[in-house]
Amino acid sequence: MLGVIILTSYNKKDSIPNGSIKTSYTQYVNPFIGTSKMGHVFPGATAPFGMVQLSPQTNFEVMFNEDGKYNSETYEYCAGYQHKDSTIIGFSHTNFSGTGHSDLGDLLVMPTVGSLVLEPLKTKEGKKGFYSTFSHDKEEASPGYYKVDLESYNVTAEHTASERVGFHQYTFPESEDAHIILDMVYNVYHHNNKNVWTFIRIENDSLVTGYRQTKGWARDKKVFFVMQFSKPFKSYGHKKYDDVKYDGFYRRFNQDKNFPEMAGKEIRAYFNFDTKENEKINVKFALSSVSTNGALKNLKAEIPHWNFNKTKEETKAKWNKELSKIEVTSLNDSDKINFYTALYHTNLSPILYEDVDGQYRGLDQNIHNSDDFTNYTIFSLWDTYRALHPLFNITQPERNNDMIKSMLAHHDESVHNMLPIWSHYANENWCMIGYHATSVIADAVAKNVGNFDYKRALTASVNTANVRYFDGLGDYMDYKYVPDDKSHSSVSKTLEYAYNDWCIAQIANQVDNAKIEKEFMKRSEYYNNVYDTKSGYMRPKLSNGTFRRNFDPMDTHGQGFIEGNAWNYGLYIPQNINEMVNMMGGKERFTKHLDSLFTMTIDEKYIANHEDITRDGIVGNYVHGNEPGHHIPYLYNWTGHPEKTQERVRMIMNTMYAPTVDGLCGNDDAGQMSAWYVFSALGFYPVTPGSKNYALGSPLVKEATVYLNTGKTLIIVVNNQSKENVYVKSVLINGKVLKGAILSHNDIINGGTIIFEMSNTPNIIESKYYVQ
């Protein structure tokens with residue numbers, strides 16, 4: 001229909017047509033979008049869902065100042081890169097995408113020329129460190145490729161990556177003093193005690209192996225590596241930065257230079273070369289969570305050659321395969337770039353977390369084999385259950401099935417018998433609230449995605465929901481709400497636990513476990529216990545049964561909500577939206593509340609102390625730059641005013657996303673912000689993950705084709721589309737008129753055609769809206 005893809009054959013498993021992909025979808029991806037300010041995304045080279053994220057690091061901000069207080073500037077470097085900078089200190093192999101707290105930045109490599117300097121920013125004598133200046137004019141990035149000129153050394157750096165191997169290519173000037181530094185001190189969110197141990201072996205004159213163990217957000221993280229050079233180094237050495245109290249009989253050696261073992265807490269190693277003018281030195285850098293032997297297997301399996309361009313083109317093809325699963329025609333190039341960059345960001349994590357032989361490090365720190373699944377990590381579930389995992393149920397159902405199996409493996413390896421809350425690199429970091437793995441599971445169950453064991457998933461969910469010492473959960477079960485005098489963020493926890501319990505009830509229903517379904521449906525109504533009928537807000541309640549007196553529904557600080565306030569976060573009963581509307585005064589009053597939310601002004605004092613809430617992502621008192629309110633623009637569909645949803649959604653897409661470095665209005669949060677855009681641009685959104693339903697919005701595309709893993713295609717046609725025509729006049733699904741504003745997953749997954757007829761005037765619909 002769009003004339004972009006030639007269909008020669010169709011592989012259902014791949015969810016895309018085989019044959020010639022005439023359009024390179026990577027041309028519409030700009031990895032620099034969101035690299036300024038709050039987006040916290042990285043521009044470097046990675047494969048889809050790859051274990052390696054080989055990306056430039058532009059500064060080294062420690063987590064704590066000398067006085068022991070938190071250094072707020074470290075927050076800017078959650079992904080190691082800020083577009084405002086003009087320096088690069090090296091290229092690390094692990095980076096989060098879009099998070100609001102951080103870790104990683106492992107195994108930083110930096111090429112230099114001239115006198116050897118081993119401090120990144122400045123030496124003890126106050127001289128320049130090994131960083132290089134650079135210009136954005138001589139920097140480029142595309143999916144799977146990054147290039148920059150390191151001006152201080154006249155070195156051109158290029159990077160690509162397979163799933164588990166980073167591939168470096170450095171073009172040097174003529175020199176007898178060329179170096180490649182391996183910085184094992186550097187971390188994102190570094191603190192003095194973060195590096196637990198580092199070990200490096202020089203296996204021969206071109207092969208280096210080792211590992212590093214850190215204690216950060218993940219309190220026991222191990223990364224093993226193999227580093228192979230295309231050219232033998234002429235000499236090598238290292239500098240140790242920790243205070244060595246005891247080194248046994250290793251003290252008899254001069255370990256600083258040309259000694260093939262390096263061990264300590266903080267080490268920077270270097271490798272020296274003679275180079276000719278424009279000589280290229282390549283480095284292959286493989287990772288493993290298991291062992292250096294595992295890293296070597298990964299290297300040999302994925303990049304057994306030295307052809308940099310071959311790997312670059314292979315990874316580009318992998319990205320085109322993923323991006324071509326949704327083929328869009330847009331009103332303009334900016335919208336198309338926004339769409340495909342958002343789709344790109346949704347394919348960065350969770351990441352592969354196993355070796356090519358299926359071995360991975362588990363939560364129990366033992367080595368496991370993934371017999372019937374591929375293991376993944378980085379589960380930012382408080383963010384990603386909302387839209388990212390529901391998107392995967394359309395675009396990546398096989399991967400989402402593996403991700404759920406990875407969550408179930410996490411449960412089995414957990415001493416707490418819990419599903420992941422926020423986990424990465426074989427560690428639970430306990431960030432944020434709720435137990436939203438239950439939502440991911442329930443959504444997959446509702447949409448018949450995957451072959452994971454539903455009964456096993458139900459058991460794991462019930463176990464998780466009954467760990468009394470977890471974050472006020474015991475009090476929630478006893479009081480039927482989380483008391484504010486016993487636990488912070490008490491209202492948010494009550495609301496989210498209630499939704500999670502509804503998700504568990506949906507899983508129980510599917511496996512015909514009436515007892516568990518009844519129990520958790522009852523728990524799913526506990527939101528009633530924190531609603532104050534007098535004020536009309538969700539409100540913190542004390543253990544004595546009274547609502548807290550000092551309460552300001554505008555304040556985001558200490559009012560029972562996490563990263564939100566009663567005005568916005570209080571609108572969170574996705575499992576029973578009709579009841580929420582009635583509870584809060586009915587359709588007319590609820591509509592006025594939503595209107596005010598988008599048009600009122602929130603004073604700076606109410607958001608001043610939140611890193612995750614800034615003016616860039618705020619419309620009135622609605623915060624699009626943070627996740628708790630992402631469903632709110634769609635709630636008008638339950639008040640008889642879908643036209644207002646259409647206005648708000650189109651406005652948000654046009655003002656909160658842009659094809660610029662500051663084009664994300666907040667943290668991308670492991671793909672959630674981008675997933676919201678992908679869904680909304682297509683014209684619908686999963687307001688209630690765990691149900692089959694999607695709420696209609698206002699599509700931004702002119703036309704879209706979604707290639708489903710069943711071999712079917714969904715074609716979305718938007719007639720009379722324009723910047724002004726934001727209102728949906730009618731919707732036809734395979735020729736039948738849609739009544740109301742709810743799409744079923746079956747309408748999507750069965751393929752066919754959805755036709756939106758757009759208009760510049762509202763079409764007010766009064767119909768029954770429901771979630772089932």
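Predicted model: local features only at pLDDT ≥ 70, side-chain atom pairs only at ≥ 80, totals over all residues.
Local features need pLDDT of at least 70 and side-chain atom pairs count only at pLDDT 80 or more, whereas totals for chains, interfaces and linings use all residues. Residues are numbered from 1 along each chain as its sequence is written, and side-chain values use heavy atoms, with hydrogens and water left out.

Trainee: How many aromatic pairs does a search of the whole structure find?

Mentor: Rings of Phe, Tyr and Trp (its six-membered ring) pair if their centres lie within 6.5 Å, and planes under 30 degrees apart count as stacked, over 60 as edge-to-face and the rest as tilted. With that definition, the number of aromatic pairs found in the whole structure is 50.

Trainee: How many residues apart in sequence are the parts that Phe-96 and Trp-422 tie together?

Mentor: Phe-96 and Trp-422 form an edge-to-face pair, 5.7 Å centre to centre with 85° between the planes. Phe-96 lies in the loop between strand S5 (90–92) and strand S6 (108–113), and Trp-422 lies in strand S26 (residues 422–424), strands being DSSP runs of E with at least two residues. The pair therefore ties together parts whose separation in sequence is 326 residues.

Trainee: Is Phe-96 buried or exposed?

Mentor: Buried means under 20% relative accessible area and exposed over 50%, with partly exposed in between (1.4 Å probe, protein chains only). Because its relative accessibility is 1%, Phe-96 counts as buried.

Trainee: Which residue lies over the face of Phe-249?

Mentor: A charge sits over a ring if NZ of Lys or CZ of Arg is within 6 Å of the ring centre and within 35 degrees of the ring normal. At 4.7 Å from the ring centre, the residue over the face of Phe-249 is Arg-251.

Definitions and conventions:
Helix = DSSP H or I, 4+ residues; strand = E, 2+ residues; numbered from the N terminus.
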